[in-house]
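Please look over the fold shown here. The report below takes its core, its strands and its helix contacts in turn.

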Amino acid sequence: MVPSEDAAPQLDVDQILADPGVRIVVCCGAGGVGKTTTAAALALRAAEQHGRRTVVLTIDPARRLAQSLGLTELDNTPRQVKGIDVEASGGELHAMMLDMKRTFDDVVLQHTDPTKAAEIFANPFYQAMSSTFAGTQEYMAMEKLGQLHARGEWDLIVVDTPPSRSALDFLDAPARLSRFLDGRMLRLLLAPARSGGRSMFNLVTASFGMFSKVVQKVLGAQLLTDLSGFVAALDSMFGGFRQRAEQTYRILQARETAFVLVAAPEPDAVREAAYFASRLREEKMPLAGLVLNRVHRPVVPQLDAEQSGAAAERLAELGGHEATADVLRAHAALARQAVREQQVAARFTEAFPAVPAVSVTAQPADVHDVDGLRTIGAAISRS
């Protein structure tokens, strides 16, 4: 017998959204499993059904969230969503999309004087790092989450984590950036600046001269000069990066945070969800449950694939029942798909039997408006 995704404890999403002690919901999982839609649906439901002043932060470059909420655009500043049904609940919904370069720029402006900030902004290495450096998007998502939390304006913050190669990048990026900033090479690059501001290429010592020549051959003199200038300019901010990352990490471990894993009944997506669940357990972070999206269910579940397939063959032999036979064949294909999906989902529920789960039936079309988000929200809450 194939275990069903319903064998896991039932995830009570409404209990999470209505709990005033829960201030952050983090939707995480592999790319392409419906994280953005799930995050928007949860945020909308929190505002409409539970009267919470909610902001949803997305990192979705395709701008699907803006379109589904009826907004022409989203940017790094929360925008209130109009036209939703909050008259009875008194809630509010705001939405924003992470701009990682602008967030990095804001951090620099907040923690340096205007002259130093202008120097940093003009540095080519900073321009590249703030736009394309691996892990910058994930780190800035953490920065923005920390900023929103510190402002204290929201009852609930819903985070749609970045569409990374791995969902774990959201948790690992701050540590990677800290290792980069603390790395041996950066300390060597910073030594000339701390010794009086001389260029590293004018620092003539036996120990450092050989190092600089080797690195210049590997990286190129101009890149090394840019990197040295970047490190010197940001020296006073390094501790702040680490401190804020650690603070946000502690927030993610607190009871005010609820992680919601989002997956589709596909091997890679479920494997990614299992990796994330293991990591959350190791880091003592609160995992609320699993949302399994795009699940297929036969309309007549008591009629299995073998029975419907055999019936289709008998009708084909009799002749004159082509339409009915085609329907039975389609049902057989859907029943087989449902069994495969249950088998895939069982890999997670068997590994994490205590993690609550809820499955959402595959929709006939993509969600593109508020009504569609309400439909998803209701499906997740099973109400």
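## Nonpolar core

This is a predicted model. Its largest nonpolar core holds 98 residues. Val25, Leu93, Leu171, Leu252, Phe259 and Phe348 touch the most other members. Helix 2 (residues 35-50) supplies the largest share of this core, with eight residues.

Valine 25 shows what such contacts look like. Leaving aside residues up to four places away in sequence, valine 25 touches Ile16, Leu42, Ala258 and Val260, among others. Its partners also include Leu156, Ile157, Val158 and Val159. A second, separate core has five residues, among them Ala311, Ala312, Leu315 and Ala325.

Strand 5 spans residues 156-160. Five of its five residues are buried. Strand 5 is covered on both faces. Leu156, Val158 and Asp160 are buried on one side. Ile157 and Val159 are buried on the other.

Strand 5 pairs with strand 1 (residues 24-28) in the parallel sense, over four bridges. Cysteine 27 has aspartate 160 of strand 5 as its bridge partner. Strand 5 also pairs with strand 2 (residues 53-58), in the parallel sense and over four bridges. There, valine 56 has valine 158 of strand 5 as its bridge partner.

## Helix 13 against helix 15

Helix 13 (residues 267-282) packs with helix 15 (residues 322-351) at an angle of about 5 degrees. Their axes are 10 Å apart. Angles under 35 degrees count as roughly parallel, so helix 13 is roughly parallel to helix 15.

Helix 13 contributes Pro267, Val270, Ala273, Ala274 and Ala277 to the contact. Helix 15 contributes Val344, Arg347 and Phe348. Seven of the contact residues are nonpolar, none is polar and one is charged.

## Helix 5 against helix 6

How do the axes of helix 5 and helix 6 cross, and within what distance do they come? The axes of helix 5 (residues 114-122) and helix 6 (residues 124-132) come within 5 Å. They cross at roughly 75 degrees. The range 65 to 115 counts as roughly perpendicular, and helix 5 and helix 6 are therefore roughly perpendicular to each other.

Ile120, Phe121 and Ala122 make the contact from helix 5. Pro124, Tyr126 and Gln127 make it from helix 6. The contact residues comprise five nonpolar, one polar and no charged.

Key
Residues are numbered from 1 along each chain as its sequence is written. This is a predicted model: local features need pLDDT of at least 70, side-chain atom pairs count only at pLDDT 80 or more; totals for chains, interfaces and linings use all residues. Side-chain values use heavy atoms; hydrogens and water are left out. Axes are lines fitted to C-alpha atoms, for helices over the stretch in contact, and angles run from 0 to 180 degrees between N-to-C directions. Helices (H or I, at least four residues) and strands (E, at least two) are DSSP runs, numbered from the N terminus. Angles under 35 degrees count as roughly parallel, over 145 as roughly antiparallel, 65 to 115 as roughly perpendicular and the rest as oblique. Contact means heavy atoms within 4.5 Å. Ala, Val, Leu, Ile, Met, Phe, Trp, Tyr, Cys and Pro count as nonpolar, Asp, Glu, Lys and Arg as charged, and the others, Gly among them, as polar. A nonpolar core is a set of buried Ala, Val, Leu, Ile, Met, Phe, Trp, Tyr and Cys residues joined through side-chain atoms within 4.5 Å. Buried means under 20% relative accessible area, exposed over 50%, partly exposed in between (1.4 Å probe, protein chains only). Two strands pair if DSSP finds at least two bridges between them.
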